[in-house]
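Biologist: Before we discuss this complex, I would like each label set against its cut-off. Please take the terms one by one.

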Amino acid sequence: MNQKQIRWAIGVLGALGVATVLVLHGMVFFWVPTESTMGIVQRIFYIHVPAWWIAFLAFGLVALCSAVYLWLGDERLDRAAVAAAEAGMIFTTIGLLTGPLWGRVAWGTWWEWEPRLTLALILWFIYLGYFLVRRSTVNPEQGKRFAAVVGIIGVLDIPLIHVSVTWLRSLHPQAVILSAENPMNLDGSMGATISVGLLAFTLVFASLFLARYAVGGYEHELDLRDASPGSIQGAEA
Amino acid sequence: MMDRKWFSRWTTALVLGVLLLQASPVWAQAGTVLGRQTLGRAYWHVFAAYAIVWLLVLGWLISIVRRLRRVEERLGTE
């Protein structure tokens, strides 16, 4: 993809993302029925689940790009991993903040040290570590390689988070979308709303991920230009 | 390049619009007991959750735009 194509993709995905977000808000606040046992607080579900979907997608991308970066040493893959890791941190933070807002009303407590919540918090710290390790070495190339290893190891936490509600004693509700026995076990309108939520978050993520990746590319080009001898004369010529 | 004032004005308007949309009553369930649950703690928790999402996403967008601006400034000085 050249820069013009990336800009076009950012614009199209961003516009579609904003439009889908508006549709999602319309559906959540004016259309979908209120869940019978939890009441209005259940509406947090329509952003909480998509936030975790994007967090997992982003960290999957971090692991994939990091693994191929360690293999091929292509700088573009490292930049893609960093862009995905930033997105992962943002959406993990969203998941960790919106969950307790639901839990305070549904469980009567902001936080419980139960398996899923604890593993989710560990995921956040693993990716905080990803950024800290990148900056902790004198040699930036070494920092990138260490961070790539953290990115690959960190993604192992995601399947544990997924199975924690079935394998371990957990307060967290069972999976309703990726349930093995009964996938998408939801009322039709709720299923439609969560699907729009997943699409909206995916489009927003895709546009911002591409934008962050493109900015990283510009910065890299400028760093290379600054580092090369005679760059100023070259620019003036 | 996109006009930054235009961009920031419209982004702010969009975020405020979405937040105001959330502050409106849940009209779809106005007749039911749970549908009348539009005030109180549960309602404000929903409002806070949606506000957190879009403020964090907006924050990330602003950080990307600022990085892009720094790149442009570096290009301008060369």
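Modeller: Buried means under 20% relative accessible area, exposed over 50%, and partly exposed in between (1.4 Å probe, protein chains only). This is a predicted model, in which local features need pLDDT of at least 70 and side-chain atom pairs count only at pLDDT 80 or more, while totals for chains, interfaces and linings use all residues. Residues are numbered from 1 along each chain as its sequence is written, chains are lettered from A and ligands numbered from 1 in the order in which they are written, and side-chain values use heavy atoms, with hydrogens and water left out.

Biologist: What is Glu86(A) in contact with, leaving aside its neighbours within four places in sequence?

Modeller: Contact means heavy atoms within 4.5 Å. On that rule Glu86(A) touches Phe131(A), Arg212(A), Trp60(B) and Arg67(B), neighbours within four places in sequence being left aside.

Biologist: What joins the side chains of Glu86(A) and Trp60(B)?

Modeller: A polar contact of 2.8 Å. The term means a pair of N or O atoms within 3.5 Å; within protein, one must be able to donate a hydrogen and the other to accept it, and residues adjacent in sequence count only if both atoms are side-chain atoms. Across the interface of chain B and chain A, six residue pairs are in polar contact, both residues at pLDDT 80 or more.

Biologist: How many salt bridges does the rule find across that interface?

Modeller: Two are found between chain B and chain A. In one of them, Arg74(B) and Asp223(A) have their closest N and O atoms 3.0 Å apart. Arg74(B) lies in helix 2 of chain B and Asp223(A) in helix 7 of chain A, so the pair joins two chains. Arg74(B), at 26% relative accessibility, counts as partly exposed, and so does Asp223(A) at 43%.

Biologist: How do you know how much area chain B and chain A bury between them?

Modeller: Buried area is the accessible area (1.4 Å probe) that two parts lose on being put together, summed over both. For chain B and chain A that comes to about 4000 Å², 76% of it on carbon and sulfur atoms. In chain B, His45(B), Tyr50(B) and Trp60(B) lose the most area to chain A, together 19% of what that side buries. The contact takes 34 residues from chain B and 47 residues from chain A.

Key
Salt bridge = Lys/Arg side-chain N within 4 Å of Asp/Glu carboxyl O. Helix = DSSP H or I, 4+ residues; strand = E, 2+ residues; numbered from the N terminus.
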